[in-house]
Amino acid sequence: MNSAAVQDSILCGVMDRWKSGIDAHEPQQVASCFTEDAIFQGLRPYVVGRQGVAEYYASQPLGLTADYQVLETRQLAGDVLLGYLGVDFSFTDRPTIRVTLGVVLRRVADEWLIVHYQVSKLD
C-alpha cells in the first residue's frame, strides 16, 4: 500500500467509527474517537475534551446521520495526520447541512484519535 492509501485508511478508520456513533445517536461512542484534550469546533462555540464532544452530540436530534468524503490527507509527522473532508449532515425534518471538516489525528499508544476538529460551513 502506498503512503496516500495508508493515510486514507487510517483517516477512514477513525471517521467510520465517528460516523457510526453519530448515526446510532451514541454520543459516548463519538467522543471515544477524540483525545481527552481534543479541541472541538462544531457549528457552535468550541469545547475542549471528550465530555464536551459527548454533550454536543447528545444535543443533536435523533435521526441525524453523517456521510463523508475524504478530500485530502497529509502526514504531518510519524504520529500525526491531517484530514480534510466534505461532510453532509442529514436530518429527518430539515435540509441537509453540507460542511467541510478539518481534523488532526494523533496516534496515542496504538490507536489513532482526533486531537483537533474544525467544521466550516461554506455558502
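**View 1. Helices α1 (3-23) and α2 (27-31) each give at least two residues to the lining of the largest cavity.** This is a predicted model, where local features need pLDDT of at least 70 and side-chain atom pairs count only at pLDDT 80 or more, while totals for chains, interfaces and linings use all residues. Residues are numbered from 1 along each chain as its sequence is written, and side-chain values use heavy atoms, with hydrogens and water left out. Helices (H or I, at least four residues) and strands (E, at least two) are DSSP runs, numbered from the N terminus. On a 1 Å grid over the protein atoms alone, a cavity is a set of points where a 1.4 Å probe fits but cannot get out, and lining residues have an atom within 4 Å of a point. There is one cavity of 30 Å³ or more here, and the largest has a volume of about 50 Å³. Its lining includes Gly21, His25, Val30, Tyr57 and Leu64. By type, that lining splits into six nonpolar, three polar and one charged.

**View 2. Here is the largest pocket, with about 200 Å³ of space in it.** Of the 15 residues lining this pocket, Leu43, Tyr56, Gln60, Phe91 and Ile97 are the closest to its centre. α3 (50-58) and β6 (111-120) are the elements that give two or more residues to the pocket lining. A pocket, by the way, is an open set of grid points with protein on both sides within 12 Å along at least five of seven lines. Arginine 94 lies over the face of phenylalanine 91, 4.1 Å from the ring centre; a charge sits over a ring if NZ of Lys or CZ of Arg is within 6 Å of the ring centre and within 35 degrees of the ring normal.

**View 3. Phenylalanine 40 and tyrosine 57 make an edge-to-face aromatic pair, 5.7 Å centre to centre with 70 degrees between the planes.** Rings of Phe, Tyr and Trp (its six-membered ring) pair if their centres lie within 6.5 Å, and planes over 60 degrees apart count as edge-to-face. Phenylalanine 40 sits in strand β1 (residues 34-41) and tyrosine 57 in helix α3, so the pair ties together parts that are 17 residues apart in sequence. Phenylalanine 40 is buried, at 1% relative accessibility, and tyrosine 57 is buried too, at 4%; buried means under 20% relative accessible area, exposed over 50% and partly exposed in between (1.4 Å probe, protein chains only). Tyrosine 57 also pairs edge-to-face with tyrosine 56, at 5.1 Å centre to centre and 80 degrees between the planes. Trp18, Phe34, Phe40, Tyr56, Tyr57, Phe89 and Tyr117 form one aromatic cluster.

**View 4. Strands β3 (residues 65-77) and β4 (residues 80-90) pair in the antiparallel sense over eleven bridges.** Two strands pair if DSSP finds at least two bridges between them. β3 and β4 form a hairpin with two residues between them, and threonine 65 has serine 90 in β4 as its bridge partner. On to β5 (residues 97-108): β4 pairs with this strand in the antiparallel sense over ten bridges. That hairpin has six residues between its strands, and glycine 83 stands opposite valine 103 in β5.

View 5. Most residues other than glycine have a negative phi.

Note on methods. Grid points are joined across faces, edges and corners, and a volume is the space filled by probe spheres set on the points. Ala, Val, Leu, Ile, Met, Phe, Trp, Tyr, Cys and Pro count as nonpolar, Asp, Glu, Lys and Arg as charged, and the others, Gly among them, as polar. Rings of Phe, Tyr and Trp (its six-membered ring) pair if their centres lie within 6.5 Å; planes under 30 degrees apart count as stacked, over 60 as edge-to-face and the rest as tilted.
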